[in-house]
Amino acid sequence: MRREQETLRTVLDSMPVGVSVARANGEIFLTNPEVARILRHEHLPTPDFESYSDWKTYHADGRKLEVQEYPLAQAITRREPIPGQDFRYQRGDGTMAWIRLSASPILGQEGTILGAVTVLIDVDAERQQRENLTRSEERFRLLIEQASVGIVIGDLTGRLTYMNPRLLEILGYTTSDLDAGAARWDELTPPEYARLDENAVVELQTTGTAQPYQKAFVARDGTKIPFLVGAVRIPSQVAGEREEIAVFLTDLRSQKQAEAALIQSEKLAAVGRLAASISHEINNPLEAVTNLLFLASSEQNPSLVKDYLDQASHELARVSQIAGQTLRFHRQSTRPRAMTPRELLDPVLALYEGRLRNANVRSVSEHRGDPKFVCYEGDMRQVLNNLIGNAIDAMRGDGTLRVRSRAARDPRSDANGVRITIADTGLGMSAATLHRIFEPFFTTKGINGTGLGLWISQGIVQKHQGKLRVRSRTGGAHSGTVFALFLPLETTATDSGELLS
């Protein structure tokens with residue numbers, strides 16, 4: 001018996017869990033060292049079940065364990081094994097920790113209850129880790145579900161498995177629709193954005209992330225909603241499991257509306273500037289007509305009267321020409337059409353004729369051929385009007401404005417197109433100014449400028465798949481600025497009004 005007890009003690013002492021053995025009356029008469037290590041105090045006297053009330057053991061909700069709720073007491077009372085249960089325990093050093101208690105009865109040969117053995121496991125680290133994970137998952141869930149941006153999870157085949165409430169609301173879908181497969185990436189994407197998505201997939205496969213790009217989704221009611229889209233690949237945790245991607249979508253509707261308002265503001269400002277030039281151009285011939293009619297009414301010589309009337313008719317024709325050019329300048333077609341650079345530039349230069357003359361600026365136009373290219377006429381005239389107006393402002397009198405056009409080829413894309421250059425002999429721009437001229441609201445004209453002209457011009461050119469470059473030199477006899485505008489012969493640009501609607 002002594003050898004068996006020594007063997008039992010050796011086994012108990014080497015076990016990695018706490019073990020306590022009790023008699024049928026609840027008295028605990030044997031524990032291994034692991035119990036003291038876990039509980040951080042020596043074995044407490046436990047002569048019977050009632051002494052269990054001295055243990056500071058609590059349920060998860062904070063209630064103290066009753067004597068009959070201990071697994072050891074239940075195993076003896078019910079004569080059956082009690083599976084592990086987790087409780088909070090105040091250890092000997094005053095700290096609270098999670099422990100797991102399980103118990104099994106010890107039965108005699110005739111089925112009599114001799115006592116029970118309980119196993120005690122320290123699960124504090126496990127529970128803390130689980131609680132931290134739960135809190136982390138809860139924070140992540142709140143972040144995703146309360147986010148102001150749309151978030152969608154799916155795979156590279158286009159199957160979508162999750163959309164956060166914000167995106168479901170924007171697109172007009174429900175979680176049930178998503179579970180039923182009613183929303184797929186390719187079905188939500190208009191055909192014109194398929195190439196952008198293909199490029200993003202290649203980026204995801206090679207680098208794990210897709211750089212942000214703009215596209216639109218078709219909502220359930222058929223409306224197109226613009227988004228800024230970025231994506232990351234979610235590595236699979238199980239070998240052979242299909243990888244998922246997380247996509248983040250920022251609703252651009254408010255931004256597009258703000259851009260449209262800015263563009264409309266700049267258009268109104270441009271109209272105001274043109275109105276001043278046009279009124280000056282019309283006022284001169286009208287004054288001449290008034291004077292000629294007065295002379296004709298007071299002249300007795302018929303030949304002189306006819307001469308005065310012919311001159312008045314010529315001046316009225318000049319007024320009609322200015323009015324026609326103004327209408328043509330602001331005409332905006334709903335579809336792009338083929339035009340030559342001369343057809344675009346001549347009406348713009350005609351509107352600035354009086355301003356050029358008053359500023360003592362010489363205008364030189366050089367057209368090498370008349371290659372036709374496709375564009376939105378009103379948009380491109382707005383760009384040229386802005387560039388020419390800026391060139392005149394930069395010279396402040398006694399300068400030369402050179403406008404050239406010719407057929408050209410883009411060395412990077414190898415696309416055929418036309419190049420229009422607008423050069424002035426003004427003061428030029430510093431490197432710091434050149435770096436910022438295409439920023440919205442940046443202006444060097446003080447209260448006389450809106451800072452939107454070149455920003456809008458750059459956007460129009462980019463929508464035509466074109467390029468707008470600038471060089472400038474300050475100081476010396478050769479100061480000035482050159483804007484070079486390249487436009488491809490064909491364009492897939494959408495009307496700017498449609499883009500911003």
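Me: In which sense do strand 1 and strand 2 pair, and over how many bridges?
Reply: This is a predicted model, in which local features need pLDDT of at least 70 and side-chain atom pairs count only at pLDDT 80 or more, while totals for chains, interfaces and linings use all residues. Residues are numbered from 1 along each chain as its sequence is written, and side-chain values use heavy atoms, with hydrogens and water left out. Strand 1 (residues 18-23) and strand 2 (residues 28-31) pair in the antiparallel sense over three bridges. Two strands pair if DSSP finds at least two bridges between them. Strands are DSSP runs of E with at least two residues, helices are runs of H or I with at least four, and both are numbered from the N terminus. Ser20 has Thr31 of strand 2 as its bridge partner. The two strands form a hairpin with four residues between them, and Gly26 in the turn has a positive phi of about 100°.

Me: What makes strand 2 and strand 3 the edge strands of their sheet?
Reply: The open sheet of six strands has the order 2-1-6-5-4-3, with antiparallel pairing. Strand 2 and strand 3 (57-58) each pair on one side only. Strand 3 is joined to strand 4 by two bridges, and these strands run antiparallel. In strand 4, Arg88 is the bridge partner of Tyr58.

Me: Which strands of this sheet does helix 4 touch?
Reply: Helix 4 packs on the sheet and touches strand 4, strand 5 and strand 6, where contact means heavy atoms within 4.5 Å. The direction of helix 4 makes about 125° with that of strand 5. Axes are lines fitted to C-alpha atoms, for helices over the stretch in contact, and angles run from 0 to 180 degrees between N-to-C directions.

Me: How do you know that the length of helix 4 agrees with its number of residues?
Reply: The expected span of a helix is 1.5 Å times one less than its number of residues. The 22 residues of helix 4 (residues 124-145) should therefore span 32 Å, and its end C-alpha atoms are 31 Å apart, which agrees. Asp124, Arg127 and Ile144 of this helix are buried.

Me: Why is the pair of Phe49 and Tyr52 called edge-to-face?
Reply: The structure holds six aromatic pairs. In this one the ring centres of Phe49 and Tyr52 are 5.7 Å apart and the planes stand at 85°, so the pair is edge-to-face. Rings of Phe, Tyr and Trp (its six-membered ring) pair if their centres lie within 6.5 Å; planes under 30 degrees apart count as stacked, over 60 as edge-to-face and the rest as tilted. Phe49, Tyr52, Trp55 and Tyr70 form one aromatic cluster.

Me: Why is Tyr52 called buried, and why is Phe49 called partly exposed?
Reply: Buried means under 20% relative accessible area, exposed over 50%, and partly exposed in between (1.4 Å probe, protein chains only). Tyr52 has a relative accessible area of 0% and is therefore buried. Phe49, at 21% relative accessibility, counts as partly exposed.

Me: What places Arg127 over the face of Trp98?
Reply: A charge sits over a ring if NZ of Lys or CZ of Arg is within 6 Å of the ring centre and within 35 degrees of the ring normal. Arg127 lies over the face of Trp98 at 3.7 Å from the ring centre. Arg23 lies over the face of Phe29, at 4.3 Å from the ring centre.
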